[in-house]
Amino acid sequence: MIALYSTYLKPVEEVDKYLSDHRAFLKPLYDNGIIICSGPQVPRTGGFILMNVGSKAEAVELMKTDPYVIRGVAQYFPLEFDCRSYAPGFEKFI
């Protein structure tokens with residue numbers, strides 16, 4: 001699994017200009033079971049995405065086409081981990 005956190009490189013007002021495009025980009029990744037959950041950090045200085053992909057390189061490659069990246073308003077940082085323990089029901093995501 002890959003946990004991605006992002007930091008905004010521009011003010012939130014600039015990031016919000018691309019929010020609907022960003023969400024549209026994420027939708028097929030949800031539909032295909034790649035993204036498990038996502039959302040903004042609190043306070044809103046970036047975001048978080050949990051992915052079920054084979055490697056950090058795959059996650060980085062996928063995120064290159066995120067409108068946030070293309071428009072230069074956010075940068076992603078991947079963290080790969082081996083999910084060994086989880087709550088009942090979570091196994092469907094692994």
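**Pocket lining, salt bridges and surface of the predicted model**

Strand S1 (2–8), helix H2 (19–31), strand S2 (35–40) and strand S3 (46–51) each contribute at least two residues to the lining of the largest pocket. Helices (H or I, at least four residues) and strands (E, at least two) are DSSP runs, numbered from the N terminus. The structure is a predicted model, in which local features need pLDDT of at least 70 and side-chain atom pairs count only at pLDDT 80 or more, while totals for chains, interfaces and linings use all residues. Residues are numbered from 1 along each chain as its sequence is written, and side-chain values use heavy atoms, with hydrogens and water left out.

The volume of the largest pocket is about 270 Å³. The lining comprises 17 residues, of which Leu19, His22, Leu26, Gly39 and Pro40 are the closest to the pocket centre. A pocket is an open set of points on a 1 Å grid over the protein atoms alone where a 1.4 Å probe fits, with protein on both sides within 12 Å along at least five of seven lines; lining residues have an atom within 4 Å of a point. Grid points are joined across faces, edges and corners, and the volume is the space filled by probe spheres set on the points. H2 supplies the largest share of the lining, 6 residues. By class, the lining holds 9 nonpolar, 5 polar and 3 charged residues (nonpolar: Ala, Val, Leu, Ile, Met, Phe, Trp, Tyr, Cys and Pro; charged: Asp, Glu, Lys and Arg; polar: the others, Gly among them).

The whole structure contains 5 salt bridges (a side-chain nitrogen of Lys or Arg within 4 Å of a carboxyl oxygen of Asp or Glu). One of them joins aspartate 16 and arginine 44, with the closest N and O atoms 2.5 Å apart. Aspartate 16 lies in helix H1 (residues 12–16) and arginine 44 in the loop between S2 and S3, so the pair ties together parts that are 28 residues apart in sequence. Aspartate 16 is partly exposed at 34% relative accessible area, and arginine 44 is partly exposed at 30% (buried is under 20%, exposed over 50%, partly exposed in between; 1.4 Å probe, protein chains only). Lysine 27 and aspartate 31 form a further salt bridge (2.9 Å, N to O); both residues lie in H2, 4 residues apart, about one turn of the helix.

Glycine 54 is located in the loop between S3 and helix H3 (56–63) and is exposed, at 59% relative accessibility.
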